[in-house]
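Dear colleague,

I am passing on the structure below, and after it you will find my notes on what was found. Please read them with the structure open beside you.

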Amino acid sequence: MDDYDDDSLLLKVGAGDQQAFKTLMDKHIARYFQIAYRFLLSKHDAEDAVQEAWMRLWREAGKWQNNSRRPLSFTAWFYRVVVNCCLDQLRRPKNVELNEDIANNLSEDKVYSASNTVLTPEGLAQQSETERRVKAALLVLPVRQRIAFTLFFYEGLSYQEAASFLGVSLKAFESLIIRARQSLRLRLADLI
Amino acid sequence: MVDKKKLHCMIENFGADTKKWPDSSKMLHQHMQDSYLSQDQELAATLSKEKKLDAVLRHVYVPAISASLAQQICQQIRAEHSKQKAGSLFKFQEYQLDTWNKLKIWVKSRLRAYVLMSASLMVFISGGWVLGQHYQQTDLEVGDFYADPALIMIVED
């Protein structure tokens, strides 16, 4: 199974091959968890999103390539699935409340107590103050700005790729990046 | 002529890495742009500030994924797969059951018809036989006249 490339494995998954699914998952789960974590900044939410994304892959692998006129590679296709699962996760009410909570705390200079609510206790003990500040600043960003910034800055995607994943024009994507960066610079001014 | 103000904006908007600037916003050749940025003190300061911001933003630690997550997903997949299989099997059985039921109904109706036909035939035959027996006993045979003297006298009279 290891000899097959991702696209061939995905085709096999579409035919109901569990071994191909396991191979594909073992190969990529850590990377897509990393992406989901950077979007959601919560281990629990990221794991939920990743789990949902792999379940969707199992259910919809058969539709891959069949339904599109211009076939996507596994990476491009699954990237979209993960981004959509993260957006679904962010749309859940608890996240909205959490983000608003953090935003309120930030405005009152209570950054650390705000980030405490997002991070796991084990992670909190290990992470530096800078990291907490950065996470809090990222969480305050509007969802689209955060995703755009993550795709571009952390994932290193090109403008065209990231814009297509988000389904926005190039100009709109550039504008999202500029606003995100301005907001982050403002919130992290004392650290730079 | 390089527009210093615009370059300043570009650094702030898209970060210190000039290679990551959008194509539409690149004003000069990469090499020329980089040398200009390092020569100008003001721009160099902005550049180092943005580099610091980039470094700070990199301070996002990603925790390790739970070891059980992959296992959980595999279990879910297996459960879903067996459910799908059971679903298809049930459909097949349903089809089979349907055919079997139809066959049973057909055989039953035929049997019922044959049984009813043969039963009614039997009833008819046995009825005829009983009636035949009844009337046979009352009939006089030719020999009766010779056996019974009283009857002979009647006939002679």
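I begin with B:Asp54, which is buried at a relative accessible area of 15%, where buried means under 20% relative accessible area, exposed means over 50%, and partly exposed lies in between (1.4 Å probe, protein chains only). Before going further, please note that this is a predicted model, in which local features need pLDDT of at least 70 and side-chain atom pairs count only at pLDDT 80 or more, while totals for chains, interfaces and linings use all residues. Residues are numbered from 1 along each chain as its sequence is written, chains are lettered from A and ligands numbered from 1 in the order in which they are written, and side-chain values use heavy atoms, with hydrogens and water left out.

The side chain of B:Asp54 meets that of A:Arg181 in a salt bridge of 2.7 Å, N to O, a salt bridge being a side-chain nitrogen of Lys or Arg within 4 Å of a carboxyl oxygen of Asp or Glu. This pair crosses between chains, from A:Arg181 in helix H11 (residues 170-187) of chain A to B:Asp54 in helix H3 (residues 41-57) of chain B, helices being DSSP runs (H or I, at least four residues) numbered from the N terminus. A:Arg181 also counts as buried, at 3% relative accessibility.

Over all chains, the structure holds 13 salt bridges. Another of them joins A:Arg31 and A:Glu155 at 3.6 Å, N to O; A:Arg31 lies in helix H2 of chain A and A:Glu155 in the loop between helix H9 (143-154) and helix H10 (159-166) of chain A, so the pair ties together parts that are 124 residues apart in sequence. A:Arg31 is partly exposed, with a relative accessible area of 37%, whereas A:Glu155 counts as buried at 16%.

Turning to helix packing, helix H3 (residues 43-60) of chain A packs against helix H4 (residues 74-91) of chain A at an angle of about 130°, with the axes 9 Å apart; axes are lines fitted to C-alpha atoms, for helices over the stretch in contact, and angles run from 0 to 180 degrees between N-to-C directions. H3(A) and H4(A) are therefore oblique to each other, since angles under 35 degrees count as roughly parallel, over 145 as roughly antiparallel, 65 to 115 as roughly perpendicular and the rest as oblique. The contact (heavy atoms within 4.5 Å) includes A:Glu52 and A:Arg56 of H3(A) and A:Asp88 of H4(A). A:Glu52, A:Arg56, A:Asp88 and A:Arg91 are also linked in a network of salt bridges.

Methods:
Helix = DSSP H or I, 4+ residues; strand = E, 2+ residues; numbered from the N terminus.
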